[in-house]
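The report below takes up strand pairing, helices, charged pairs and nonpolar cores in turn. Please read it alongside the sequence and the structure.

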Amino acid sequence: MSRWLGIAAAIIAIDQATKFAVSDWLAGGRVVEMTSFFNFVLAHNAGAALSFLAGAAGWQRLFFSAIAVVAAIWIVVLLRRHAEETVFCAALSLILGGAIGNLIDRVWIGAVVDFLDFHASGHHFPAFNVADSAITCGEVVSARVKIQKIDDTSRHSTWLIPPSPAGRR
């Protein structure tokens, strides 16, 4: 369990360190163009993923904070229940670290600090951060583990195996 919580703590530390550094570096609305498709920007997202509900009246801060707390508790329960599933627990650790990293922002400043801005042909993908990246990677790995379990289960299910010709009359 400590290994998984250590990974989550590392994600939190990296996330908060990058947000702190970027907040100082990009203060005053500075945009740093890195490539033709990537910028560093400073954005404060009061909503959820992809700025969902960012324009709401303020109730979303408590709502998304509560979801993060409940999710973190549930993830710790899952880490205990599935301790022998290394890849799944690693994925959960990424999600846990990302959720807590963004929760810290919501509690301290009322919004999540985003700074990675990818764009093409004048269209910008919503800015995101290290915590968002960890959550996304964790979800992708978790989904792959779940798909693999379903695939393995279906291969070993007897109802999928047609009866042998000798069993037919």
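This is a predicted model: local features need pLDDT of at least 70, side-chain atom pairs count only at pLDDT 80 or more; totals for chains, interfaces and linings use all residues.

## Strands and their pairing

Residues are numbered from 1 along each chain as its sequence is written, and side-chain values use heavy atoms, with hydrogens and water left out.

Strand β1 (residues 32-33) runs antiparallel to strand β2 (residues 38-45), to which two bridges join it, and the two form a hairpin with four residues between them. Within this pairing, Val 32 stands opposite Phe 40 of β2. On β2 there is a further antiparallel pairing, over six bridges, with strand β3 (residues 112-120); here Phe 38 stands opposite Phe 118 of β3.

## Helices α1 and α3

For a helix, the expected span is 1.5 Å times one less than its number of residues. The 24 residues of α1 should therefore span 34 Å, and the end C-alpha atoms of α1 are 34 Å apart, which agrees. The 24 residues of α3 should likewise span 34 Å, and the end C-alpha atoms of α3 are 35 Å apart, which also agrees. Just after α3, Gly 110 takes a positive phi of about 85°.

Burial is judged by relative accessible area, with buried meaning under 20%, exposed over 50% and partly exposed in between (1.4 Å probe, protein chains only). In α1 the buried residues include Trp 4, Ala 8, Ile 11 and Ile 12.

## Salt bridges

A salt bridge is taken as a side-chain nitrogen of Lys or Arg within 4 Å of a carboxyl oxygen of Asp or Glu, and a search of the whole structure finds three. Asp 15 forms one with Lys 19, the closest N and O atoms being 2.8 Å apart; because these residues are four apart in helix α1 (residues 2-25), about one helical turn separates them. Asp 105 also meets Lys 19 in a salt bridge, at 2.6 Å from N to O. Since Asp 105 lies in helix α3 (residues 86-109) and Lys 19 in helix α1, this pair ties together parts that are 86 residues apart in sequence.

Glu 85 forms a salt bridge with Lys 149, with 2.6 Å between the closest N and O atoms. Glu 85 lies in the loop between α2 (59-81) and α3, and Lys 149 in helix α4 (residues 130-156), so the pair ties together parts that are 64 residues apart in sequence. Glu 85 counts as buried at 18% relative accessibility, whereas Lys 149, at 40%, counts as partly exposed.

## Nonpolar cores

A nonpolar core is a set of buried Ala, Val, Leu, Ile, Met, Phe, Trp, Tyr and Cys residues joined through side-chain atoms within 4.5 Å. The largest has 12 residues in all, among them Trp 4, Ala 72, Ile 75, Leu 92 and Val 145. The elements that give two or more residues to this core are α1, α2 and α3, and its largest share, five residues, comes from α3.

Leaving aside residues up to four places away in sequence, Ile 75 touches Leu 92, Ile 95 and Leu 96, where contact means heavy atoms within 4.5 Å. A second, separate core of nine residues includes Leu 26, Phe 40, Phe 128 and Val 130.

How values were computed
Two strands pair if DSSP finds at least two bridges between them.
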